[in-house]
Amino acid sequence: MAINIIDRTGADALIPVEETREIIQGAIARSSALSIFRRLPNMNTKTREMPVLASLPMAYFVNGDTGMKQTTKVTWDKKKIVAEELAVIVPIPKNVLDDSNYDIWAEIRPLLVQAFGQKIDGAIIFGIDRPASWPIDVIGQATDAGNIIISSGDIFDDTLGVNGVYTLVEQDGFDVNGAMGSVVMKAVLRGLRDLNGRPLFEPSMKNDAAPYVLGGVPMYFPMNGVWDDSIAQLLVGDMSQAVYSIRQDISFEIFDTGVIQDPSTREIVYNLLQQDMVALRAVMRLGWQLPNPINALNTDGSTRCPFAVLKSDAPEEPDDPDGG
């Protein structure tokens, strides 16, 4: 496993020689999932149980004035939110810090927030490096429920048509209140028109976090590089149904003693005290869940999901058994 370090070469741009430099940082793209999905109160323990409606009550007509009234029941199931930890350590020699005219830690912190956001989106939306205690990713659950459409080339029909992804969500008893796709999909949607030639994908007139709307609902485009067009072109659904809770927000600590080991071999790679180094450690704990409660339109949990996926019609390349 490769061990990374910010050495003098990597930080050379921050160590001025004679002239003054200005560091221009790009927009830091944080987690789309955490900004769109519904946040629950912070967790007080590692695990939280959520009651989820599992069966609906029934009502009956009474047969005559003296007819017997029937009974019914309502049941709830429990789903768990399990907080898992995200963490990273950034080691750097003290001499590099001393020779820099910039606050290197201040420059690194927002980049770590971006890295955390990318990792969270990858796990929740696509299942990339998903902790075993977390539920299947949103796209995976929508696919398992059959809420997936292979692109026909007619974007209007695939999204807003009678058999589009919006309809799949609505047939399962949920309202579409958000859509998410890649920046490539943004370009495709710009050419989308209704039957009267009016653009369906257009800038929102409100001062919202999502500047575009599609079919009357806000559209989001993750900018942290996590979106994979080969898996999904578009994800639509009731964004409030996906919930998350934070056990510990991102915290930063700086250490100047201790050792850093290779996670694979357990060999000591850096000894902070002996090598005159410091290390910034970032830690965060959170969990998420997709309760998927029962409703009158779809009582079958195996085919019900508050999300639907539009997938490219391009065939996936098969794995090469020879590794070529």
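Where is the place of Pro293? Pro293 sits in the loop between β14 and β15 (307-311); strands here are DSSP E runs of at least two residues and helices are H or I runs of at least four, numbered from the N terminus.

1. Before going on, please note that this is a predicted model, where local features need pLDDT of at least 70, side-chain atom pairs count only at pLDDT 80 or more, and totals for chains, interfaces and linings use all residues. Residues are numbered from 1 along each chain as its sequence is written, and side-chain values use heavy atoms, with hydrogens and water left out.

2. Pro293 is partly exposed, at a relative accessible area of 22% (buried is under 20%, exposed over 50%, partly exposed in between, with a 1.4 Å probe and protein chains only). Beyond its neighbours within four places in sequence, Pro293 is in contact with Val52, Leu53, Phe174, Gln241 and Arg304 (heavy atoms within 4.5 Å). Asp77 is 216 residues from Pro293 in sequence, yet their C-alpha atoms are 9.1 Å apart.

3. An open sheet of 4 strands runs in the order β1-β11-β14-β4, with mixed pairing (two strands pair if DSSP finds at least two bridges between them). Its edge strands, β1 (38-39) and β4 (84-93), each pair on one side only.

4. Within that sheet, β11 (residues 243-255) and β14 (residues 277-289) pair in the antiparallel sense over 10 bridges. Phe252 has Ala282 of β14 as its bridge partner.

5. Turning to a helix, Val188 lies in α7 (residues 183-189) and is partly exposed, at 38% relative accessible area.
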